[in-house]
Amino acid sequence: MMLKYIIKRIVLMIPVIIIMTIFVFSIFYFAPGDPVSRIAGPNATPEVYESIKRKYGLDQPFIIQYLRFAKSVLGGDLGISILQDRPVIEMIKERLPVTLQIGFLGFLITFVIAVPAGVIAAVKKNTVADYLCMTGSLVGIAMPTFWLGMLLLYVFAYKLRWFPISGDGTIKQLILPGFAIGLTNAAITARMVRSSMLEVLKQDYVRTARSKGLSEKRVIFGHALKNALIPVITLMGLRLGWIIGGSVALEIIFSIPGIGRLMVDSILARDYPVVQGSMIVLTSSIILANILADILYTVVDPRIRYS
Amino acid sequence: MKIHKLRKIMVSILIFTLLSTVLAGCSKGNDSGASEKVLIIGYDQDAEIMDTIKTAWYSDALIYIHDRLITRDYEFGYKPGLAERWDISDDGLTWTFYLRKGVKFHDGKEFTAEDVKWTIDTIKDPDTGSPFRGDLEAIKEVKVVNKHTVEIVLNYPFPNLLYNLSSTASGIHPANAYEKYGDDYGKKIVIGTGPYKFEEWIPGDRTVLVKNEEYNWGPEWMSNRGPALIDKIVLKIIPDENSRMMELEVGGIHLLRNVPETYVEKLEKNPDITIYKNPATKLGYLAYATDKEPFNDVRVRRAINHALNRKEIIQFVLRGIGEVAYGYLPPALKDEYLEESKDLAYEYNPEKARQLLAEAGYPNGLELTLSADNSSKSSKLAEIIQNQLKEVGIETKIQLYDSAGYADMLKEGKQELFIREYSWSNADIIDWFLLSSRFPYPNHSRWVDEKTDELITYAARRPTWEERAEAYKEVQRYLIEQAVWAPIYIPMHMIAVRKEVKNFKYHPWMLQFNDGFDIEVKK
């Protein structure tokens, strides 16, 4: 049953991706500017300009350009970058891992901070601990990721020199951007954990657990937390898009050649195939993350079944 | 029970992450060889392809990977490069180049006349789609006379070939490089004869060059004609301006070109950093669509010129670091620049501007749009120009575009007033921007004028460089008279250099790192 559900969800991805590509393609087609000016340089003669345009089929009408693109995607080929003249898939393969690493570290930090903070705030509701956690989280929510990133860079890399200022290819380069994502993301997640926890703690089964003499620790971690985590998992799945968005700015600040920067550079240079390719990969991964979240529900709460 | 397990897993993940961080920290620092001399240069943007033939957006790495037939010395003069010497026939139509012997490509192949022919022919082949093709359109044919002699036959006299053959775009490639190396050429393999070899390129991150130990064919004007002293050059991409400056301060990069004016004061306070300032071969100007009303009236164009207080603009936008521009070329182009531009130019005089506008039939002023790209520099420029024009009765609405959008808008011809800055070290920039055959783009000021065409074509086709330079002065005189643009400023080319770099020598075109530059190795 479960497998069937997953397959169904994956099949449903296809129309989403098609709509997305048409959307992105039209934006680019109708937006001013084209990649040729970048290749040709500011001083190219009109003849040179036109010949480059022809070379990449950019002189064709919208529908033909789109169909040509769709055909190559269906063939498992994301096309060739106009500016770098090499397969888009190769470029994504180079850039994606580092972005995933930052995202993963960010999630880990989120989880490690948000769950304990949320639980403490809920259990010790209206105490100093609760106020501290919630004030901290309010600050985190109010602080944009890129701003926190710049702050961390200034203090820990520039002043204290514990970390490299620009990406150096080692794991060290991931720590600060990971924290920038993790801390801001933890802020909103902690609030979610707290409110969800408070809800659960009011439930009958918690009262039953307490009355049968379980220790408070068992009640909170064994019974309440598990149920409280379900909405948190949903939130985390949905936050993936947000994390990638935040990672664009962070990759620029920390000079890390990830997929976010690839996209920004390609958008500015109007390198359509690269933007399309990365959008397909990112959309798919966001959808997959949400499927993963659905699967995780069943792990956390065995009562949930899909059919 | 399960919860305990979960906790255990979480804790072990955490420990693993921390451990690997610490380990990564330990391993770093040991990998750089003890005595290797590495120069790290910071850049804001990477190139898309490492091939001089296929892009107009060169990586600086290509300057050091390739040699060119002609070089430019510290005085900006044209000197022998891969060509030991050259003759030009009396009619200016045949150029014979005598090539240096004993020069080898990085792949071991000997450099010969065939390589010159292949490079130029490939650029000229329309199927290549080279953006440089237009620059070589004067070339009719490249003939291999013998192994070390090559003849370039022209369609018309074209002394600017000197410039075109010395520019980065005409770096010499080994013959048949595309066939031999296939798709990897320009990505994973780049072959030249230059003082540095291509080692590695991680797009968006870094390019690494290692010195060519066999190099001994540096041009005569260099004090070091043999192998470079610095072992490795790393071109590091740091897109964020702030991060770039911090890296320079902590020594993560040693050298930075095009330092923004806003950082100069801070960097100059740092005893480890020296900033070298020289007038750039750039020109910032206000232009207008000269084929539209009211700009088709020379009085309006002159009024706009009179309305600009250039000193104030330089103070406000460039923090006073820059020079007032009077003419259409940067004064650094010593041969071609028209010295009397300053006397001919339109001085700041709002009264006169108002009067000219009244004469032209606009006593109550004008309402126009002022376009610019969305960089912070251009938007600042737009603001102050808006203010100054207001003083003489010209109300403007500012419109900002991203760079690709800006180019497109200009091409479509929607502009009225607009701000531009060009960076080019040759008088032929005037051809690009103002010949009627370049209309509507790159002739974005939409200047279609017979006399200009005549003067430019005459200048460009003089048989000698000296006559060409003189003739271009006439072009400039006419352009000033017609007030085709309102030139504003010549920025400074600023290079920040850390104390580890020794024997720094400024070059007006491109730093020659192989000419005796050295670097202190960190102990």
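## Burial and the model

A residue counts as buried if 20 or more other C-beta atoms lie within 10 Å of its own, as exposed if 12 or fewer do, and as partly exposed in between, with C-beta atoms placed from the backbone. By that rule, 40% of the 307 residues of chain A are buried. For the 523 residues of chain B, the share is 45%.

This is a predicted model, in which local features need pLDDT of at least 70, side-chain atom pairs count only at pLDDT 80 or more, and totals for chains, interfaces and linings use all residues. Residues are numbered from 1 along each chain as its sequence is written, while chains are lettered from A and ligands numbered from 1 in the order in which they are written.

## Chain A

Chain A has 12 helices and zero strands. Helices (H or I, at least four residues) and strands (E, at least two) are DSSP runs, numbered from the N terminus. The C-alpha atoms of chain A fill a box of roughly 85 × 55 × 30 Å along the principal axes.

Two residues are in contact if their C-beta atoms, placed from the backbone, lie within 7 Å. Take the contacts in chain A between residues at least 6 apart in sequence: 74% of them join residues at least 24 apart.

## Chain B

Chain B holds 16 helices and 20 strands. Its radius of gyration is 26 Å, close to the 24 Å that the globule rule gives for 523 residues, so chain B is as compact as a globular protein of that length. That radius is taken over C-alpha atoms, and the rule is 2.2 Å times the number of residues to the power 0.38.

The C-alpha atoms of chain B fill a box of roughly 85 × 75 × 45 Å along the principal axes. Among contacts in chain B between residues at least 6 apart in sequence, 69% join residues at least 24 apart.

## Where the chains meet

In all, 42 residues of chain A are in contact with 44 residues of chain B. Several helices of chain A give two or more residues to this side, among them α2 (36-40), α3 (46-55) and α5 (88-123). The largest share, five residues, comes from α3(A).

By class, the side of chain A that touches chain B has 22 nonpolar, 12 polar and eight charged residues. Here Ala, Val, Leu, Ile, Met, Phe, Trp, Tyr, Cys and Pro count as nonpolar, Asp, Glu, Lys and Arg as charged, and the others, Gly among them, as polar.

Helix α3 of chain A also holds A:Arg54. A:Arg54 is partly exposed, with 14 other C-beta atoms within 10 Å. The C-alpha atoms of A:Arg54 and A:Val36 are separated by 9.9 Å, and the two residues are 18 apart along the chain.

## The nonpolar core

A nonpolar core is a set of buried Ala, Val, Leu, Ile, Met, Phe, Trp, Tyr and Cys residues joined through C-beta atoms within 7 Å. The largest one has 187 residues, of which A:Leu176 and B:Leu286 touch the most other members. Helix α10(A) gives the most to this core, with 15 residues.

Leaving aside residues up to four places away in sequence, A:Leu176 touches A:Leu152, A:Leu153, A:Phe156, A:Ala157, A:Phe163 and A:Phe254.

## Helix α6 of chain A

Helix α6 (residues 128-142) of chain A has 15 residues. Its end C-alpha atoms are 21 Å apart, which agrees with the 21 Å it should span at 1.5 Å a residue. The expected span is 1.5 Å times one less than the number of residues.

A:Cys133, A:Ser137 and A:Gly140 are buried in α6(A). They cover an arc of only 55 degrees around the axis, which puts them on the same side of α6(A). The arc is that of the directions from the helix axis to the C-beta atoms. The cover over these buried residues includes α5 and α8 of chain A. On the other side, A:Val128, A:Tyr131, A:Thr135, A:Leu138 and A:Ala142 are exposed.

## Helix α16 of chain B

Helix α16 (residues 465-482) of chain B has 18 residues and reaches 26 Å from its first C-alpha to its last, close to the expected 26 Å. Its buried residues include B:Arg468, B:Tyr472 and B:Leu479. The buried residues fall within an arc of 165 degrees, so they line one face of α16(B).

These buried residues pack against α10 (341-344), α14 (429-434) and α15 (450-460) of chain B. On the other side of α16(B), B:Glu466 and B:Glu481 are exposed. After α16(B) comes B:Ala483, with a positive phi near 50 degrees.
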